[in-house]
Amino acid sequence: MEPGKENPLVLSWHDTAWLPALDPTNVMDYFSERSNPFYDRTCNNEIVKMQRLSPDQLNHMTGLEYVLLHAQEPILYVVRKQHRHSPTQVTPLADYYVLAGVVYQAPDLGSVINSRLLGAAHSLQGALHEALGYSRYHPSRGYWWNFKDTPAATTATTTPSATSSNAAGNTGASLFQRRRVDMLLAELAAKFPPEPPKPETADVKPAKAADKKQTRPAS
């Protein structure tokens, strides 16, 4: 979609003067009204209309055209916008449906998937935000869920906060605390390993010169 141009998927158009008389023979004339924002007046249909040619001449022309794709009288008509390359080759560009005289543009597959994904993401985001409100944490217990309809939640709401804090302070260390402390100590030991002990150097005194001399045997 071009910048500054309104999204055609949110537009609709109708002409009350045509509504009582719509049928497969005149629905294309109704669609080609100049006030219809979905109708491109540079199409081949406009050339055929201005030159008063037969609608069958569209099959022998190339370029943009509109054709009646489906008719379900008296409530629904489907008009296709397509580019004709040859009498047997066309490229669909957009579909429009006339429902009870009101013209809408049918959404393409990408728009439908995008809308469904946005709806699913919005629901998931709301569920995650709601679940986040039930999560609780305490150093002595760790993480847990505190739902409003559980007996634990009712007890927690009726018990004063001072009493619960005193009870938590009197309890011993839990398994969660011990594991947490052990993990922190292991990380600190890995980051700051203790220095290996230095070997002790013994003071060796030099031997006396007299001790080194050997006594001569008596002659």
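This is a predicted model: local features need pLDDT of at least 70, side-chain atom pairs count only at pLDDT 80 or more; totals for chains, interfaces and linings use all residues.
Residues are numbered from 1 along each chain as its sequence is written, and side-chain values use heavy atoms, with hydrogens and water left out.

Let me begin with the overall layout. The protein has 7 helices and 6 strands, where helices (H or I, at least four residues) and strands (E, at least two) are DSSP runs numbered from the N terminus. Along the sequence they follow the pattern α-α-β-β-β-β-α-β-β-α-α-α-α.

Now to the sheet. Four strands make an open sheet in the order S1-S2-S3-S4, with antiparallel pairing; two strands count as paired if DSSP finds at least two bridges between them. Its edges are strand S1 (63–72) and strand S4 (102–105), each of which pairs on one side only. Neighbouring strands in this sheet are turned by 30° against each other on average, direction ignored, the axes being lines fitted to C-alpha atoms, for helices over the stretch in contact, and angles running from 0 to 180 degrees between N-to-C directions.

Taking the pairs in order, S1 and strand S2 (residues 76–86) run antiparallel and are joined by 9 bridges, with Val67 having Arg80 in S2 as its bridge partner, and a hairpin through 3 residues connects S1 to S2. S2 and S3 pair in the antiparallel sense over 10 bridges and form a hairpin with 2 residues between them, and here Ser86 stands opposite Gln89 in S3. Strand S3 (residues 89–99) then pairs with S4, again antiparallel, over 4 bridges, and Tyr97 has Tyr104 in S4 as its bridge partner.

Of the 219 residues, 19% are buried, that is, under 20% relative accessible area, with exposed meaning over 50% and partly exposed in between (1.4 Å probe, protein chains only).

Which helix holds Val181? Val181 lies in helix H6 (residues 175–191), and it counts as partly exposed because its relative accessibility is 44%.
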